[in-house]
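Please read the report below alongside the sequence and the model. It goes from the terms used, through the overall layout, to the surroundings of the ligands.

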Amino acid sequence: MANIKLDIFRFDEAVDSVPHRDIVAVDVPETMTVLDALETAKAEVDGSISFRRSCRSAICGSCSMNINGVTGLACKTPCNTVMDEQGVIQVDPMPNFQPMRDLVVHMDPFWDKYTRLKPYLQPADKDEDHQTERRVSPEDMKKLVDVANCVMCATCYALCPVVSVDPSFAGPAAIAYAYRFIEDVRDSKREERLAQINEDYLWLCAHCYACSYCPKHVDPNDRIVDVKRATIKDRVMMNERGPRHALIVNKTVKQTGMLAETEVIQGTVGRFNFRGLLKVAPLGLRMAAKGKLPPPFVKPIPKVDEVRTIFDSLEVPVS
Ligand code: SF4
Ligand code: SF4
Ligand code: FES
């Protein structure tokens, strides 16, 4: 048995203007999970402690919370992996969400973004007009299995730094789930889905890999790369800055072995987009004043052929 001291964020939006913390001590085996410790605290010490949970088996996705500053599933986190020498474990609501009561948060922004991508199959014909089952080859299904494991716990969304600075960003789970339908051979709305997720700021993802810390190993970052590649492959919304930026970066690095920043800015904004170029002009002037203006032309590095070989072997699309 261990004496676990849960240092719990307490807040009730109905009555509190500021949060406070309570330390609640419970005696539980140290191999029990943080969720078990919280359940014990609620049952034996303070029935008002609020948190979401259901399955206790990392299946329902409802018990995601911040544990010692790292978001994850409380039912998948044994106390002895997170308690300090005094047996203290800090529990807080997920970041990037508005707290409602204690560890319970308002999930609406997360669900709204998920709902926008129409998370259901939209085949070309109706089921009643379709005489046979809709078959998927094992190869095609292999691509979808990992994403289908998503339990919508929102851990990735809570960890995403882009969501924290720009709440319009769809977030990792929604994009990964969009991939699940974009790549499903039974679905008929690939183009609409790609356009939708592009409108939901797909290209804001900074590929920081924070969302790779997914308790179900969905790895949304890699699926976001796949959706960006599909956007370029299918030439969807190619007038948007995101795909243009990706292509011009690829092009200049392949040509010169370096990032030709002047060309990248022109290619991203649009060479004949005079209004857009005027908007970035003040930045250029400030850089020039500090002696940081990138050169207009970049000479290829001596071993640029080796860089080009890497591009060719990866079959990276270049405009
Ligand atoms: S991708 Fe992973 S972390 Fe994100 S909601 Fe799904 S299961 Fe949770
Ligand atoms: S990789 Fe993209 S989606 Fe994932 S946490 Fe980073 S910015 Fe967010
Ligand atoms: S209680 Fe269901 S995932 Fe933790």
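## Terms and numbering

Two strands pair if DSSP finds at least two bridges between them. Helices (H or I, at least four residues) and strands (E, at least two) are DSSP runs, numbered from the N terminus.

Residues are numbered from 1 along each chain as its sequence is written, while chains are lettered from A and ligands numbered from 1 in the order in which they are written. This is a predicted model, in which local features need pLDDT of at least 70, side-chain atom pairs count only at pLDDT 80 or more, and totals for chains, interfaces and linings use all residues.

## Overall layout

The protein has 12 helices and 7 strands. Its C-alpha atoms fill a box of roughly 70 × 65 × 40 Å, taken along the principal axes. Of its 319 residues, 31% count as buried. A residue is buried if 20 or more other C-beta atoms lie within 10 Å of its own, exposed if 12 or fewer, and partly exposed in between, with C-beta atoms placed from the backbone.

Two residues are in contact if their C-beta atoms, placed from the backbone, lie within 7 Å. Among contacts between residues at least 6 apart in sequence, 66% join residues at least 24 apart.

## Domains

The domain assignment gives domain 1 (2-105), domain 2 (108-233) and domain 3 (241-314). Such bounds come from an automatic or database domain assignment. Between the C-alpha centres of domain 1 and domain 2 there are 29 Å.

Where these two domains touch, 13 residues of domain 1 are in contact with 12 residues of domain 2. On the side of domain 1, strand 4 (residues 70-73) gives the most, with 3 residues. By class, that side has 7 nonpolar, 5 polar and 1 charged residues. Here Ala, Val, Leu, Ile, Met, Phe, Trp, Tyr, Cys and Pro count as nonpolar, Asp, Glu, Lys and Arg as charged, and the others, Gly among them, as polar.

In what order do the strands of the open sheet of 5 strands stand? The order is 2-1-5-3-4, and the pairing is mixed. Strand 2 (20-28) and strand 4 stand at the edges with a single partner strand each, so one side of each is left without a neighbour in the sheet. From one strand to the next, the twist averages 35°. Angles run from 0 to 180 degrees between N-to-C directions, and axes are lines fitted to C-alpha atoms, for helices over the stretch in contact.

Strand 1 (residues 2-10) and strand 5 run parallel and are joined by 4 bridges. Asp7 has Gln90 in strand 5 as its bridge partner. Helix 1 (residues 34-44) lies across strand 1, strand 2, strand 3 and strand 5, and runs at about 100° to strand 2.

Strand 3 pairs with strand 4 in the antiparallel sense over 4 bridges, and Asn66 stands opposite Thr71 in strand 4. These two strands form a hairpin with 2 residues between them, and Asn68 in the turn has a positive phi of about 50°. Strand 3 also pairs with strand 5 (residues 88-92), in the antiparallel sense over 2 bridges. There the bridge partner of Asn66 is Asp92.

## Around the ligands

A residue is near a molecule or strand if its C-beta atom, placed from the backbone, lies within 6 Å of it. Around ligand 1 there are 14 residues, of which Cys150, Cys153, Cys156, Cys214 and Val218 come nearest. Helix 4 (155-159) and helix 6 (172-182) each supply at least two residues of this shell, and helix 6 has the largest share, 3 residues. The shell has 12 nonpolar, 1 polar and 1 charged residues.

Ligand 2 is surrounded by 15 residues, the closest being Cys160, Pro172, Cys205, Cys208 and Cys211. The elements that give two or more residues to this shell are helix 5 (161-165) and helix 8 (220-233). Helix 8 has the largest share, 3 residues. By class, the shell around ligand 2 has 13 nonpolar, 2 polar and no charged residues.

## Val165

Is Val165 buried or exposed? Val165 counts as exposed, because it has 10 C-beta neighbours inside 10 Å. Its place is in helix 5. Val165 and Thr81 are 84 residues apart in sequence and 31 Å apart in space, C-alpha to C-alpha.
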